[in-house]
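Subject: Structure handover

Hello,

Here is the structure I promised to pass on. My notes follow below it.

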Amino acid sequence: MTSNLMAAVTKPLKGIRVLTLALNLPGPAAVMRLQAMGAKCTKLEPLAPKGMSTADPMGIYKPAAYEVMHQGLKVLQADLKSERGQAALHKQLAQTDVLITSFRPSALTKLGLAWKELHKRYPALCVVSIVGAPGERAEEAGHDLTYQADSGLVNGLEMPASLYADMGGSLFATEAVLQALLLRQRPGRTQGKGVFHEVALCEASAYLALPRTWGLTLPSGDVGGAHAGYKIYPCKNGRVAVAALEPHFAARLCEAAGLPQQAAMQMHKRSTHEAIAKFLTSQTRAQLDKLASSKDIPLHTLPR
């Protein structure tokens, strides 16, 4: 494979120009991926407050994360409510393939960025609009935590381990850009015409929550703790995440724990849970790491 062909394969969006107005996490995370695929990306941020370098909330409360997502990205600043800011915006739009936003529809309308208006002025422009909820609910206030809560991903008073709605939304936004570009080049009357995609973070969260909706990750589900081979157990000097779900993995785990052969067919029994827990508690992380390697058992040890 020639180097030019390799470049085309690894940078499929080379030559595509993306302009983003999206702040915080979903939009910038999506742009980070688009840039990795070869797109030429520019971000237009609001004017930074006095004494600060950016108005993006992520750049203020977590500069390190902001830096990762904006590495190599051309960042401009403008007040879009001013004539000068509007001129800067439209200068960029005139040479843009895809615009990404993360404002409520009412805010976009006030800024002259409603889809109908943009499509009339820039017929080839594709727009991906990141909102909290779809359709009429797009004006509702919300954040990652509320979307996760609505999807059943918040348990007790524990905070979620990650910003699943935001990160899922970033993947949805990346996918929406690819869909828009494919639709724009599809032969027919609309070939070369821009398309509009709305990406709702609550729908991204609901998608990530499907295994729970199906009951898979509930306490009664096989990957929610009901199966003795798919759990987190304490070990002698830490914890161990065991994922011996398939029968052959379960059989190896039971054999290592000194259980009779039929135990691998009884992974939901309380006695099997207790026997495996007793074995793992007697093992150090080093011993379990060695066991995983030598017996081909899917497990990963963790500190306490």
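I start with helix 5. In helix 5 (residues 83-93), the buried residues are Gly85, Leu89, His90, Gln92 and Leu93. They sit on the same side of helix 5, because they cover an arc of only 155° around the axis. That arc is taken from the directions that run from the helix axis to the C-beta atoms. Glu83, Arg84 and Lys91 are exposed on the other side of helix 5. Buried means under 20% relative accessible area, exposed means over 50%, and partly exposed lies in between (1.4 Å probe, protein chains only). The cover over the buried residues of helix 5 includes strand 1, strand 2 (40-45), strand 3 (74-77), strand 4 (98-101) and helix 7 (115-121). Contact here means heavy atoms within 4.5 Å.

Some ground rules. This is a predicted model, in which local features need pLDDT of at least 70 and side-chain atom pairs count only at pLDDT 80 or more, while totals for chains, interfaces and linings use all residues. Residues are numbered from 1 along each chain as its sequence is written, and side-chain values use heavy atoms, with hydrogens and water left out. Helices (H or I, at least four residues) and strands (E, at least two) are DSSP runs, numbered from the N terminus.

Six strands form an open sheet in the order 3-2-1-4-5-6, with parallel pairing. Strand 3 and strand 6 (196-200) are at the edges with a single partner strand each, so one side of each has no neighbour in the sheet. From one strand to the next, the twist averages 20°. Two strands pair if DSSP finds at least two bridges between them. Strand 2 and strand 3 pair in the parallel sense over four bridges. Leu44 stands opposite Leu76 in strand 3.

Two helices to look at on this sheet. Helix 2 packs on the sheet and touches strand 1, strand 2, strand 4 and strand 5 (126-131). The direction of helix 2 makes about 160° with that of strand 2. Helix 4 (residues 63-70) also packs on the sheet, touching strand 2 and strand 3. For helix 4, the angle with the direction of strand 2 is about 140°. Axes are lines fitted to C-alpha atoms, for helices over the stretch in contact, and angles run from 0 to 180 degrees between N-to-C directions.

Strand 9 pairs elsewhere. Four bridges join strand 8 (residues 238-243) to strand 9, and the two run antiparallel. Val242 stands opposite Leu299 in strand 9. Leu299 and Thr301 make up the covered face of strand 9, His300 and Leu302 the uncovered one.

Finally, two backbone points. Which residues other than glycine have a positive phi? Asn24 is one, with phi near 75°. Asn24 is in the loop between strand 1 (17-20) and helix 2 (26-36). Asn24 is buried, with a relative accessible area of 15%. The residues that Asn24 touches include Asp56, Met69 and His143, with residues up to four places away in sequence not counted. Asp296 also has a positive phi, about 55°. Asp296 lies in the loop between helix 15 (285-295) and strand 9 (299-302). Asp296 is partly exposed, at 45% relative accessible area.

Regards
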